[in-house]
Amino acid sequence: MTTQQLLIAGGGIGGLAAALAVARAGWEVRLYERAAEFSEVGAGVQLGPNVMRILQAWGLGDELRAVAAFPDRLQVRNATSGADLGALALGATAQQRYGAPYATVHRADLHRVLCMAAGSQPNVHLNLDHWLASYADDGKAVTLSTVAGQQIEGDALLGADGVWSRVRQQLLNDGPPRVTGHLAYRTMLRQSALPAALRTTQVTAWLGPRLHVVQYPVRRGEWMNVVAIVHGDPPADAQGWDHGANAIDLQRAMQAHGDICAPLRELIAAVPDATVNDHAWRLWALADRPPVEGADQMARGLVALAGDAAHPMRPYLAQGAGMAIEDAAELARALAMDAVDVPTRLKRYALARWQRCARVQARSIRNGRIFHSTGLVRLGRDASIRLLGERILDVPWLYAG
């Protein structure tokens, strides 16, 4: 019997994870990435136990231990007063509770691990500098057309081409994603260049009015990822996800929403001397879509969507990359069902995924409102975290998978 072929549009974390998982399930995979080289810049990624279990099952545990950090706890603090609000034990507690650790990793390191693992599979073919123009699904095969005029035929197509997905636009024709009005300022710092009091082995979330800041270690703890999310007008080119920014822009945005505490001010002030980048701060204009409303928004016919192409979400549950990796694992399980036709397999994939993805999207939106709350709601938020502690910070339904 001829080996079936999956075409994948997009070579980010979701696309590479799908290539690896589906190849392991016995399919031939042809991935097409529009960039001229594989490179993932920028931010850190948090990988909850739900995601780490999958990556370990794919045999990537050792590779991740070589590049990731494994925080011992998550701490929540008030960005204005600096007061401790609550903490969630990670480390050994997460391992014991959920069967896998909680990890934090540079996005480029995770991308590299997945790229090497997928590329080592003999039935995976990674193709760079291929821009998708359109596709055709005749019910028997799907044909991908590139801007350069190539015609590539396969048994199924996966759109893993991000929040501004071309595959999604042809499949669903539901317009562009919505620009949220939230701006993410991100930087990477060398911990050795920071004063000892500012270094960290944990995840810390600073919650303020209409803003929050998250910091955590990456690269075995040698670097620190810092992201500050504030409300503001997006750049003119909102689709350009990575923009240069400067400290003055961030300081103005934060001051517009009130004073921040001394420890947080000190961290922000230390950025220029400790940054690992040419530009101390990079700016992302955050975009998302409403929660998925049904399985047909994730698969139709011989075409399916995954990751940000299917369910772009705000980063307030730290599960964007995680949901893409979960998608990949479920897609591989569905495509391995040889007894049914490919459209039915893709439909089963979508049925298995859409409600969980919608729940994570909805919770991410809700968390953003809570993180950035003002007035009495903010006081109630702080009181609830102090009172309930781990019971409010842990997410068993998510981490248990």
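Modeller: Tyr98, Tyr102 and Tyr399 make up one aromatic cluster. Rings of Phe, Tyr and Trp (its six-membered ring) pair if their centres lie within 6.5 Å; planes under 30 degrees apart count as stacked, over 60 as edge-to-face and the rest as tilted.

Colleague: What should I know about the source?

Modeller: This is a predicted model, so local features need pLDDT of at least 70 and side-chain atom pairs pLDDT 80 or more, while totals for chains, interfaces and linings use all residues. Residues are numbered from 1 along each chain as its sequence is written, and side-chain values use heavy atoms, without hydrogens and water.

Colleague: How many aromatic pairs by that rule?

Modeller: The count is three aromatic pairs. In one of them, the ring centres of Tyr98 and Tyr399 are 5.7 Å apart and the planes are at 70 degrees, so this pair is edge-to-face.

Colleague: Where do Tyr98 and Tyr399 lie?

Modeller: Tyr98 is in helix 4 (residues 91-98) and Tyr399 in helix 13 (residues 396-399), so the pair ties together parts 301 residues apart in sequence. Helices here are DSSP runs of H or I, at least four residues, and strands are runs of E, at least two, numbered from the N terminus.

Colleague: Are Tyr98 and Tyr399 buried or exposed?

Modeller: Tyr98 counts as buried, at 11% relative accessibility. Tyr399 is buried too, at 8%. Buried means under 20% relative accessible area, exposed over 50%, partly exposed in between (1.4 Å probe, protein chains only).

Colleague: And Tyr316 with Phe371, what geometry?

Modeller: Edge-to-face, with 6.0 Å centre to centre and 75 degrees between the planes. Tyr316 sits in the loop between strand 19 (303-305) and helix 9, Phe371 in helix 10 (residues 342-371), 55 residues apart. Tyr316 and Phe371 are buried.

Colleague: Switching to charges. Which Arg sits over Trp284?

Modeller: Arg186, with its charged end 5.0 Å from the ring centre. Arg219 lies over the face of Trp223, 4.2 Å from the ring centre. The rule: NZ of Lys or CZ of Arg within 6 Å of the ring centre and within 35 degrees of the ring normal.

Colleague: Now helix 1. How many of its residues are buried?

Modeller: Eleven of the twelve, so helix 1 is largely enclosed by the rest of the structure. Among them are Ile13, Leu16 and Val22.

Colleague: What covers them?

Modeller: The cover includes strand 1 (5-9), strand 2 (28-32), helix 5 (107-119) and helix 9 (320-335). Contact means heavy atoms within 4.5 Å.

Colleague: What comes just after helix 1?

Modeller: Gly26, with a positive phi of about 105 degrees.
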